[in-house]
Amino acid sequence: MAAPFDTPVLGDVDERRIPALKVGAMAESKPYVATAAHQEPLGFPGVLEDGWEKKAIGRMGELLGKYRSLQVFMDICVKCGACTDKCQYFLGTGDPKNMPVARADLFRSVYRRYFTTAGKLTPGLVGARDMTKEVLDEWFNYFHQCSQCRRCSVFCPSGIDTAEISMAARDIMDTIGQGQKYCNEIIGKVHKVGNNLGLPAPALLNTLEGLEEDILDETGVPVKLPIDVHGAEVLLVTPSADFFAEPHVLGLIGYAKVFHAAGVSWTLSTLASEAGNFGMFIGNYEQMRKISMRIRDAALALGVKRIIFGECGHAWRVAYSFLNTLAGPWDFLDPRYPVPQHILEFTNDLITRKGIKLDKSGNDGMVLTVHDSCNVARGARMGDRPGGQFTIPRDVIRASVPKLIDMHPDTICEKTFCCGGGGGVLTDELLDLRLKGALPRMEAIKEVADRDQVNFVAMICAICKAQFTKVLPYYGFKMSMAGGVHQLVSTAIVLGNEQ
Ligand code: SF4
Ligand code: SF4
């Protein structure tokens, strides 16, 4: 159960100030520790075993040797302070250990003790610390108060990416037997069943049939949601939340309508029924690779020509940045298309060359704003121009709704805030953290809602959708105010005469 907590009071986005420091405010905030039942199927020790301290230092050494960036991040911080007020978790909690530089120092202090001469000889003078249970507990708590959103790295003059440090810390904790239950349980479900929700194939098929009936009732058009169709042109890999969660499922209906209207054959896959890849959240490339291989296996088995990803922020970051390395080469796919492709690139291309027709009156009365999902904004791209990950979603929205108003410039595009639930913190026992981490985004929404009568926030991430629908009501907004971009396409698209 989550601890009791208060919803922060919304301030003025223009008047943002560094919050009053609340030392230790979040010292007790932590996720559940994974049990042996969650750890062992992933190949991690079930519990902390004797000698874990040495093992942790050994793993740290391996990671420092393997990832040059991690080694550099340890040595180049000049404590300039530029990052201190840039993390939504610090802004929402006031806990100084949620300043990115302080979070990184939890790792850096141990690094100094074992990997620098000064730290070995005079630890007290250089802030070096032994790896103790107390330090490990602090790591567990505060590295799970980072959503790996990379906002801090945008403001750091040296480009230090605290997200990468958090990932390394989580990898080390898994390696020694102190993993996080939420992420590791979900990864276990993907290996065993195929998706984060543990939705077995028959349930998936039933759901898709039900959605086809709903669309037929609503539109009179027999739009299909095909699955495991050999020889289809496109394999759509989408977050499993799209199969049943609200508002996610409305986006899935939107993708189906787009494929239908464009006359492109497509299929989902029971083998690759998950776009999400929590291997990234735990910083473990082997898990990321294993999860990604399901997509390769499905594409080969179905003989598709292209792979398109649905709306999911971290899934797109993994796909865009790592899929080729993790599961390539993709030389069996059609070389005319990028691998992978995002559903927004696909839809935007159709809009641009008039391959589908949208009627904005389907979304009459909506005044939109866009929440740029952090993993897409700072960890990936879309299209073939810099910034395409910002312009393409907005172009599709403008084609679908009458009015789009952007939020304060310090809160969008590359400076976007995390929704507060990314990076493996979307779990109930961290609701206090999620609520407080959402504060800067909620303030920016309030500004456009009060000034411009914005009544809907569009996003392209399954985790953002889940987080927003949970936290919006705490801040006095309607839960239904959040939804995906293809939800808007779905209500604007003209069906029926395209064949
Ligand atoms: S990566 Fe994001 S959540 Fe983590 S410290 Fe930086 S700003 Fe905060
Ligand atoms: S902005 Fe960069 S260099 Fe400055 S304190 Fe933060 S991490 Fe260190």
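1. Arg 150 is buried, since 21 other C-beta atoms lie within 10 Å (20 or more are needed for buried, 12 or fewer make a residue exposed and counts in between partly exposed, with C-beta atoms placed from the backbone). Its phi is near 70°, a positive value in a residue other than glycine, and Arg 150 sits in the loop that runs between helix H7 (133–142) and helix H8 (151–155) (helices, H or I of at least four residues, and strands, E of at least two, are DSSP runs numbered from the N terminus).

2. This is a predicted model, in which local features need pLDDT of at least 70 and side-chain atom pairs count only at pLDDT 80 or more, while totals for chains, interfaces and linings use all residues. Residues are numbered from 1 along each chain as its sequence is written, with chains lettered from A and ligands numbered from 1 in the order in which they are written.

3. Asp 228 also has a positive phi, near 55°, but Asp 228 counts as partly exposed, with 17 C-beta neighbours inside 10 Å. Asp 228 belongs to the loop between helix H11 (201–219) and S1.

4. The peptide bond from Glu 246 to Pro 247 is cis, with omega near 10°, and Pro 247 lies in the loop between strand S1 (234–237) and helix H12 (248–262). A further cis bond joins Val 339 to Pro 340, with omega near -10°, where Pro 340 occupies the loop between helix H14 (313–327) and strand S4 (341–342).

5. Around ligand 2 are residues including Cys 77, Cys 80, Cys 83 and Cys 156, together with Lys 79, Pro 100 and Ser 158 (a residue is near if its C-beta atom, placed from the backbone, lies within 6 Å).
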